[in-house]
Amino acid sequence: QVQLLESGGGLVQAGDSLRLSCAASGRTFSNNAMGWCRQAPGKEREFVATINWSGGVTNYADSVKGRFTVSRDNAKNTVYLQMNSLKPEDTAVYYCAGRFHGNTALRPDDYHYWGQGTQVTVSS
């Protein structure tokens, strides 16, 4: 079984940057596509970004395109989400997720395992 642990969340001001990290404990990390989703209070969980097994293909939600960058380091079993130009509407719990396929996925339902989340709060 694969376990995921997110870190790097916090309280920042609008316009600031954060980098989230997700460390995977499994032995097949390099074969799996990974993603980031987020959930704001009272809202459904929504897709944010995804990266394929090699890091050569990425996809983003329209709301974060041009501001967020997803990357991975397979030697460290870690995926990252660089978040720039943060806005108050980015405030949410951010979840790292994985799937047992190498190709990217744009729906939360297409992910097979999840971390416990890290809180990101952006003040105006």
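## Aromatic cluster

A residue counts as buried when its relative accessible area is under 20%. Tyr-95, at 13%, is therefore buried in this structure. The model is a predicted one.

Three aromatic pairs turn up in a search of the whole structure. In one of them, the ring centres of Tyr-95 and Trp-114 are 6.5 Å apart and the planes meet at 80 degrees, so the pair is edge-to-face. Tyr-95 belongs to strand β9 (residues 92-98) and Trp-114 to strand β10 (residues 113-114), so this pair ties together parts 19 residues apart in sequence. Trp-114 is partly exposed, at 28% relative accessibility. Tyr-111 also pairs with Trp-114: centres 6.2 Å apart, planes at 65 degrees, so again edge-to-face. Tyr-111 is buried, at 5%. One aromatic cluster takes in Tyr-95, Tyr-111 and Trp-114.

## Charges over rings

Arg-45 lies over the face of Tyr-95, 3.8 Å from the ring centre. Over the ring of Phe-29 sits the charged end of Arg-72, 4.5 Å from the centre.

## Met-34 and its contacts

Met-34 lies in strand β4 (residues 34-39). With 1% relative accessibility, Met-34 is buried. Beyond its sequence neighbours within four places, its contacts include Leu-4, Phe-29, Arg-72, Cys-96 and Tyr-111. Thr-50 is another contact. The C-alpha atoms of Met-34 and Thr-50 are separated by 5.7 Å, though the residues are 16 apart along the chain.

## Strand β1

Leu-4 sits in strand β1 (residues 4-7), on the covered face with Glu-6. Leu-5 and Ser-7 make up the uncovered face. Strands β1 and β3 (residues 18-24) pair antiparallel over four bridges. Ala-24 is the bridge partner of Leu-4 in β3.

How values were computed: Residues are numbered from 1 along each chain as its sequence is written. This is a predicted model: local features need pLDDT of at least 70, side-chain atom pairs count only at pLDDT 80 or more; totals for chains, interfaces and linings use all residues. Side-chain values use heavy atoms; hydrogens and water are left out. Buried means under 20% relative accessible area, exposed over 50%, partly exposed in between (1.4 Å probe, protein chains only). Helices (H or I, at least four residues) and strands (E, at least two) are DSSP runs, numbered from the N terminus. Two strands pair if DSSP finds at least two bridges between them. Contact means heavy atoms within 4.5 Å. Rings of Phe, Tyr and Trp (its six-membered ring) pair if their centres lie within 6.5 Å; planes under 30 degrees apart count as stacked, over 60 as edge-to-face and the rest as tilted. A charge sits over a ring if NZ of Lys or CZ of Arg is within 6 Å of the ring centre and within 35 degrees of the ring normal.
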